[in-house]
Amino acid sequence: HNTKYDGYESKRDNYWYVRINGKFVLKHRHIWEQKFGKIPNGMILRFIDGNTENIQLENLTLISRQDHALKNSIHNYPTEIIQLIRLTKKIENYAKKQNTGFEKPSF
């Protein structure tokens with residue numbers, strides 16, 4: 001009575017999950033695999049527009065892990081943002097060494 005049924009959907013960490021054969025799987029992966037088959041090793045299913053709510057097939061594409069890493073690289077940001085990211089990391093590391101309880105600010 002307290003077990004979710006197959007087909008049950010839930011959202012966690014900005015991604016939709018669906019219960020299939022007793023296990024929760026990412027809904028966008030399930031939709032892709034129903035149409036095109038298993039996702040090959042070394043490939044990542046990516047949202048073209050970056051919106052994890054938009055799980056239409058037209059918004060999904062396969063890219064290699066290497067391409068995915070390059071797209072998410074710090075080097076894609078403007079110089080000022082890169083400097084800010086690095087400075088923030090230095091402050092966090094210093095605070096950890098000092099055990100000051102510094103917490104990363106939320107913006």
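Predicted model: local features only at pLDDT ≥ 70, side-chain atom pairs only at ≥ 80, totals over all residues.
Colleague: Let's step back into the helix, then. Which residues of α1 are buried?

Modeller: Helix α1 covers residues 27–36, and K27, H28 and W32 are buried there. Here "buried" means under 20% relative accessible area.

Colleague: How should I read the places of those residues around the helix?

Modeller: Here is the general idea: an α-helix has 3.6 residues a turn, so residues three or four places apart point the same way. Now look down the axis of α1: the buried residues fall within an arc of 135 degrees, so they line one face of the helix.

Colleague: What covers the buried residues of α1?

Modeller: Their cover includes the strands β1 (9–12), β2 (15–20), β3 (23–26), β4 (43–47) and β5 (60–64).

Colleague: And how do I read those strands?

Modeller: In general, side chains in a regular strand alternate between the two faces of the sheet. For the pairing in this model, begin with β1 and β2: they run antiparallel and are joined by four bridges.

Colleague: How many residues lie between β1 and β2 in their hairpin?

Modeller: Two residues lie between them, and D13 in the turn has a positive phi of about 50 degrees.

Colleague: What joins β2 to β3?

Modeller: Four bridges, with the strands running antiparallel. I20 has K23 in β3 as its bridge partner. These strands form a hairpin with two residues between them, and N21 in that turn has a positive phi of about 50 degrees.

Key: Residues numbered from 1 in each chain as written. Heavy atoms only, no water. Buried < 20%, exposed > 50% of the residue type's maximum accessible area, 1.4 Å probe, protein only. Arc of directions from axis to C-beta. Contact = heavy atoms within 4.5 Å. Pairing = 2+ DSSP bridges.
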